[in-house]
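Visitor: I am new to this structure. Please take me through a single part of it, slowly enough to follow.

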Amino acid sequence: MVKKAHVTTSVNGDEYEYLCEPGQTLVDVLRNELELTGTKEGCSTGDCGACSVMLEGELVCSCLVLAVETDGKSVETIEGMAKGDDLHPLQRNFLELNGLQCGICTPGVLIAAKALLERNPNPTETETRFWLAGNLCRCTGYDKIVRSVMAAAEEMRGA
Amino acid sequence: MATILEDSKFDAQRELNIVGTNPVKHDGLDKVTGRAKFGADFFLPGMLFGCILRSPHAHAIIKSIDTSAAEALPGVKSVVTRDDFPDQPAGSAAGDMTRVAMAREKALFDGHPVAAVAATSEAVARRALKLIKVDYEVLPHVIDPVDAMKPGAPILHDHIRTKGLDEPNDNPTNVTERMVSKMGDIEKGFAAADFIVEREFDSKPMHQGYIEPQGCVAEYSKDGQVELWCSTQAPFVYRDRLSAVLKIDAAKINVQQSELGGGFGGKTGFYPEPIAIQLSKKATRPVKMVLSRGEVFRGTGPVSGTSYKIKMGCTKDGKITAAQGELIFQTGIFTGSMYFNAPNAMFTRYDLENVYIESFEVVSNRPKVNSFRAPCVPQIVFGVEGVIDELAKKIDMDPLDMRLKNAATEGYTTIYGETLGPIGFVETLEAAKASDHYKSPVPEGQGRGIGSGFWFNRGGETSTSMNIAPDGSVTIITGTADVAGSRISIAMMAAEELGIPVDKVRITMADTNSLGFNRVTAGSRTTYSVGMTVVDNARECISQFVRRAAEIWDVPEDAVVFENGECRPAGQNAGNFEPLSIADITKQTTMSHGAVTASTSMNVTGAGPGFGLHIVDVKVDEETGRTDVMRYTVVEDAGKAIHPLQVEGQYQGGAVQGIGWALNEEYVYGEDGRLQNASFLDYRMPVTSDVPMIDTVIVEVPNPLHPFGLRGVGEVPVVPTMAAIGNAIGNAIGIRPRSLPMSPPKLLELIDNADR
């Protein structure tokens, strides 16, 4: 057996100390060690985007990051997006415009969309589509996802 | 007492307050905050992790399996093989199902499970898999169904004899069944034609592509009770099939559905679930199993590939006189493709008199196919609609006018014997013709195509319960899985009937111990059927409100009416008492009379057929063969859109799945019989930047047999997609593709060889 590593990661502002195998991915630790199951795993190869999280302010697929790499670093997941009962404008617009159906891709899409709006508060439809091209959705045909993101962007610009 | 199926007719005059609006889905908040629990999100104390060893061979006798080294590895708690499953005769329904779950005599496709391990961690389980020694005797394999039909092809099952032959024989074969479907006189029909077109088509299997891999937790307790938490479209069907395969009483198996991360037909039958149960039984601890994406591709789904011919004839003025098909369906390694949907649906929507279709289902060394929206129909409609377009060109008729001229209307008797009631095909075609998209000129350098489609829509066995809390809020228990947000539409219909705000209604997804049998969520049946039973529940509860109000007021029951969520005195008592809301009644009477509740179990009938027409503009890059979808419009009859945003979502999602099937998605096998593209990188589904906005036109021709007039909308949106795109590409490049997917290499070959 490989000796486990002792890792400290800040997740949504909370410090988590845990032991993990050197080969364990961040998504595995988030879900199975820290029981933060809002982050989803759809492919384990970085192709579907369901496991999208922010690592030190950068959008990553948490299936392609080893948990040991996040020692001393900060991670943001879907569980940290709403502040108490206050939904992020993206979350609210996804609800109001029906930007989700089954909901399995939704956490990753929301994290990726938030990263987009932090860089580009006024994305065009094309920019939105290319930014979200790493997040597969099989239910919606993307129409209402793109509309929800652009409506949230507009609301946030006005705020 | 008359049931709701007899007395609940659509009432066009009824004023609706909730149906037709767009409230936020009740399951939405949990899904945007990460709280919703899907198949892989369930944990139990002491839980083990299970992994599956899969065959690397497409066809091989399993001579022996040595699991001793795996069992000796510290942390391994149980190992199962074929020997841990009850013996079920080959060729029986349970026999096929048990062999889908775990190979017995032979490994029958690349990825076929041959053993499984439960261990204290996934890492230990994976190490243990490498210690299992399987002695295979590799046999010749066959992947392509046309090859599998040829004399001398490897025979994959000893027991198959072709059903439905004119002259039955006892020869082992890979052809499970032949079916002939006919109406009228096909020869006479072609004799009456001025123009005839006959073409050959083919399609490859594609995967349902749900983003959530199958995931479950199973616990086999010492007294023989099984608890199973899993992602499924069919908790009751899973229970009953597990009961048959594992020989456990159904009442001892409790299936709790999780949130479902996409299914589209692919989660109508189980994969890891029986293995998890047997691992748990042996280990005496709960076992969790979650498939990898590679396992999802190699071991689950996909849809049937096809090879087929379509021949149709028409008169100079565009009347179709005859329609013929010869269809071959690849079903994977076991029968069950539901290929019979194709002859029943492929031409249905047209007013045809003379039809002849001969269909074959064939096994080959691939995973058994599973349902996908309108199983076996869209890939055939791809050819039918192409031939109709070619006929329209021959007589210089607008393709939409050609479809209008031949559209079936109320009173038409279909090839499967149903005489159609009021249907919305003509209205759908007219709405398409009046759409901005169809009226706009085709942009320079692009091609426009249309395609039309039909689906029966389904009802079926449905059970629900309604419980009114003392404060007047309402719980509904349903057992037909919610796959895309049907819960909100069902809550809306209940709220409309009860005259209360939709937020006062909550739906719980039952486990199988809590309700009577519910059929699988499939065939566009759920919102329709569950809507019917909850309206029945609501009417039963209303009759109890009326009875209790009459008692409170000491008046006869017929002197009380229920309107807008309250009981009012009527007749000569009108105005004598203050109205009583549901809460007023339940607050006063729950203590004395018990709760107001209703339960309904019925086999719902009367689902109204659905029709759609898609319009698409494409641009084809003739240097690379790449097709871009530039504009897309879905026009479809919903009967009545309960929640219009949800209906639009079905239309849009179906169209984009069809775009993937049309342009990219296919299973690619090597000479060695192994799947070569078992990942999302190599099996390319549409991403956001591949597609435009999908415009929608909701046509509403009410289904007269439903209280709100609704028709199912889950299947039709994918049916005409590849046909419409094929016709659009044909108009763009001057030659209509006849092979799916219409991927860049195939289009380049067409363009290079075209005599244009």
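Guide: Start with one term. Buried area is the accessible area that two parts lose on being put together, summed over both. Keep in mind that this is a predicted model.

Chain B is divided into three pieces: domain 1 (4-36 + 459-603), domain 2 (40-140 + 209-299) and domain 3 (422-453 + 608-753). We look at domain 1 of chain B and domain 3 of chain B. Their C-alpha centres lie 37 Å apart. Between them, domain 1 of chain B and domain 3 of chain B bury about 1900 Å². Carbon and sulfur atoms carry 64% of that area. On the domain 1 side, B:Phe10, B:Ser524 and B:Tyr528 lose the most area to domain 3 of chain B. Together they make up 32% of what that side buries.

Next, count the residues. In domain 1 of chain B, 31 residues are in contact with 21 residues of domain 3 of chain B. What holds for charges and polar groups? Salt bridges between domain 1 of chain B and domain 3 of chain B number zero. Polar contact, by contrast, joins ten residue pairs, both residues at pLDDT 80 or more.

Which helices of chain B supply the domain 1 side? Helix H16 (486-498) and helix H17 (526-553) each bring at least two residues to it. H16(B) gives the most, with seven residues. By type, the residues on this side of domain 1 of chain B are 13 nonpolar, eleven polar and seven charged.

Conventions. Residues numbered from 1 in each chain as written. Chains lettered and ligands numbered in written order. Predicted model: local features only at pLDDT ≥ 70, side-chain atom pairs only at ≥ 80, totals over all residues. Heavy atoms only, no water. Domains from an automatic or database assignment. Contact = heavy atoms within 4.5 Å. Buried area = accessible area lost by both parts, 1.4 Å probe. Salt bridge = Lys/Arg side-chain N within 4 Å of Asp/Glu carboxyl O. Polar contact = N/O pair within 3.5 Å; in protein donor to acceptor, adjacent residues only side chain to side chain. Helix = DSSP H or I, 4+ residues; strand = E, 2+ residues; numbered from the N terminus. Nonpolar A, V, L, I, M, F, W, Y, C, P; charged D, E, K, R; others polar.
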